[in-house]
Amino acid sequence: MAACSSKGGCPSDYVALSAALLSMILLLLKATLPYMIHKIPRSKGSSFWLVAIQVIASLNLLLSIVMALNFLKFRKRHWWRSCYLWAVWIEGPLGFGLLLSCRITQIFQLYYIFVKRRLPPIRSYIFLLLILLPWVALAAVIQIKKPLNDRCHMGTLWIILVMGLHALYVVALIAFAGAVHHVEFRFHELKDLWRGILVSSASIGIWVAAYVMNEVREDISWLEIASRFLLLVMTSALVLAFFSFSISQPLVSLMSLRKKNQKEYKTMSQALGIPDSGILLQRESTSILDPNEPLEKLLLNRRFRQSFMEFADSCLAGESVHFYDEVQHFDKIPIQDSVRRIYMARHIIEKYIAAGAPMEVNISHRIRQEILSTNDLSHTDLFKNALGELMQLMKLNLARDYWSSMYFMKLEEDIRMRAVDPEMEHASGWSFSPRLSSVHCSDDPFQHEHSPRNSGCHNHDSEL
């Protein structure tokens, strides 16, 4: 036992390694299954990469404990087994420190968006790098001073300094939680925040207990074996408890955690409970549509809007119509319900307005900056100017080609048949475009059943 306590390879070590490996597999499955099963395109914004970094940081944390505490038995001492590499750099700046820094970055975003009602003034990756600097500085000091012994243990004063930095970041989490606790979140963000605080605090407590068991009595072999077993097993469990989607990607969380008896949410408006009521669901007249009527009035007709949206998608230029449809849902949320309006506004900005968005619309730089720099994400006129510009583009391009397309002919025939047999309203109907079926959609031409050549549209890439 004395030999394996210092060199690794004890039976209990392999049991703990199995628990850590299972934790890694479950973590990877939880992170990838929503994208594999529900075919969600990867987002380009911080909502994706912050979660991805947390997964990597969690794996680094587990791996650093395995390597630093001699769970594996090696015949030779290699340079890559250095205590300073695993116990200092990978466990700190690239492990627990990175994990907490990502969570603080996410909470910083929530604070600005839901409390300040505006987008954060600093980019997420810059903020993340700034709050990660103390971890890098402490790791550099430890690397220079070299307080670790051959078992990767350090003195009491160094342990107090390291645990103090861990506790400082937990305090920062608590401070942000206090700042946003009054917000009525729709996707359990506050619950995930408190869970992260509890898990982080428990982790620090376990590490302190492991230090006491390891450092104070290094001469007791079974105590060292038991302490590192407890440390790895508990860290594996806490990593899974800490990790969550919903604090950054609400609908991905719903898809990942959905139960069989729960309702399936495919769009943000459905997830927010925005009712499809009023003029969007009324039974439209069976009279033939007049091309001379204003496009704004025609789009209020449900059948016309669906037909026009499918036509625009077939031309690979449907972003404007989808944007119009989602802004209509945004406008239906009562002005006093600021939280739901902010959720919807942030979704529209990430999907249509932000640079590199999955369905980025063609609006002027001035209008785009007005939206991105707004002081109130719940404002009633937030997307008014953008919608005005896009409406003009649709009138000049898409609307002109639509009236001579097969989509309009099909719509006319459908209206005539419904005028003869009103029961067809229940027997058949227009189906929504595939590009409207998911909040996380991308402009993928292979999703369309019709090609631009046979849909009656011209190539508007140069015009739009």
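Helices (H or I, at least four residues) and strands (E, at least two) are DSSP runs, numbered from the N terminus. The model is predicted: local features need pLDDT of at least 70, side-chain atom pairs count only at pLDDT 80 or more, and totals for chains, interfaces and linings use all residues. Residues are numbered from 1 along each chain as its sequence is written, and side-chain values use heavy atoms, with hydrogens and water left out.

Residues 48-72 are 84% helix and 0% strand, with end C-alpha atoms 34 Å apart. Residues 84-104 are 95% helix and 0% strand, and their end C-alpha atoms lie 26 Å apart. Both spans are among those that the unreviewed UniProt entry lists as "transmembrane region". UniProt positions follow the numbering used here, feature names are shortened, and annotations may be inferred rather than shown by experiment.

M36 is found in helix α2 (residues 11-37). With 53% relative accessibility, M36 counts as exposed. The classes are buried (under 20% relative accessible area), exposed (over 50%) and partly exposed in between, with a 1.4 Å probe and protein chains only. M36 contributes to a nonpolar surface patch of about 730 Å², together with L21, L22, I25, L26, L29, L33 and I37. Patch residues have over 30% relative accessible area and no salt bridge; nonpolar side chains (Val, Leu, Ile, Met, Phe, Trp, Tyr) are joined within 5 Å, like charges within 9 Å. A salt bridge is a side-chain nitrogen of Lys or Arg within 4 Å of a carboxyl oxygen of Asp or Glu. Areas come from the Shrake-Rupley method with a 1.4 Å probe; for residues, only the protein chains shown count as cover.

The structure holds 21 aromatic pairs. Rings of Phe, Tyr and Trp (its six-membered ring) pair if their centres lie within 6.5 Å; planes under 30 degrees apart count as stacked, over 60 as edge-to-face and the rest as tilted. F108 and F127 are stacked, because their ring centres are 4.1 Å apart and their planes at 10 degrees. F108 lies in helix α5 (residues 92-115) and F127 in helix α6 (residues 124-145), so the pair ties together parts 19 residues apart in sequence. F108 is buried at 10% relative accessible area, as is F127 at 13%.

F187 and Y343 form an edge-to-face pair, with centres 5.1 Å apart and planes at 85 degrees. F187 sits in the loop between α7 (156-180) and α8 (189-215), Y343 in helix α15 (residues 338-353), 156 residues apart. F187 is buried at 4%, and Y343 at 0%. Elsewhere, ring pairs link F304, F308, F311, Y402, W403, Y407 and F408 into a cluster.
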